Amino acid sequence: MSHDIKKATLDEINRRLTLLRQHEHDRILPADNVYKELNQALSKAIGAPLIGELESLYEFIQNL
């Protein structure tokens, strides 16, 4: 893998991990709309496994 492509890919994965981690401990806030609360809950439920998957992908690409 080209060094530039590898670095760009790792940088992008790291950027996305940073964004997910910034909101990892956000509370689900009451909303005027049930769907907004549902979206918050889904984001929280999906966030933790997604962080794990991105970390695994980061390690895999780093070892190429």
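**Figure 1. Contacts across the predicted protein chain.** Residues 24 or more positions apart supply 65% of those contacts in the protein chain that have a separation of 6 or more. The model is predicted. Its secondary structure consists of two helices and zero strands. Along the principal axes, the C-alpha atoms occupy a box of roughly 50 × 15 × 15 Å. The radius of gyration of the protein chain is 15 Å, whereas a compact globule of 64 residues would have a value near 11 Å.

**Figure 2. Surface and charge of the protein chain.** Of the 64 residues, 12% are buried. The charged side chains comprise 8 positive and 10 negative ones. A distance of 2 Å separates the centres of these two sets.

**Figure 3. The largest nonpolar core.** Six residues form this core, namely Leu 10, Ile 13, Leu 17, Ile 51, Leu 54 and Ile 61. The elements that each contribute two or more residues to the core are α1, spanning 3-22, and α2, spanning 34-62. In soluble globular proteins, nonpolar side chains tend to be buried together.

**Figure 4. The surroundings of Ile 13.** Ile 13 is one of the residues of the largest nonpolar core. When neighbours within four places in sequence are left aside, Ile 13 is in contact with Leu 54, Leu 57, Tyr 58 and Ile 61.

**Figure 5. Leu 29 in the loop between α1 and α2.** The loop that joins α1 and α2 contains Leu 29. Leu 29 counts as exposed because its relative accessibility is 52%, and the cut-off for this class is over 50%. Apart from neighbours within four places in sequence, Leu 29 has contacts with Glu 37 and Gln 40. Gln 62 lies 33 residues from Leu 29 along the chain, and the C-alpha atoms of the two residues are separated by 37 Å.

**Figure 6. Thr 18 in helix α1.** Helix α1 holds Thr 18. Thr 18 is classed as partly exposed because its relative accessible area is 38%, a value between the limits of 20% for buried and 50% for exposed residues. Between the C-alpha atoms of Thr 18 and Leu 38 the separation is 23 Å, with the two residues 20 residues apart along the chain.

How values were computed
Residues numbered from 1 in each chain as written. Predicted model: local features only at pLDDT ≥ 70, side-chain atom pairs only at ≥ 80, totals over all residues. Heavy atoms only, no water. Helix = DSSP H or I, 4+ residues; strand = E, 2+ residues; numbered from the N terminus. Rg over C-alpha atoms; globule rule 2.2 N^0.38 Å. Buried < 20%, exposed > 50% of the residue type's maximum accessible area, 1.4 Å probe, protein only. Contact = heavy atoms within 4.5 Å. Lys, Arg positive; Asp, Glu negative; His and termini not counted. Charge placed at Lys NZ, Arg CZ, Asp CG, Glu CD. Core = buried A, V, L, I, M, F, W, Y, C linked by side-chain atoms within 4.5 Å.
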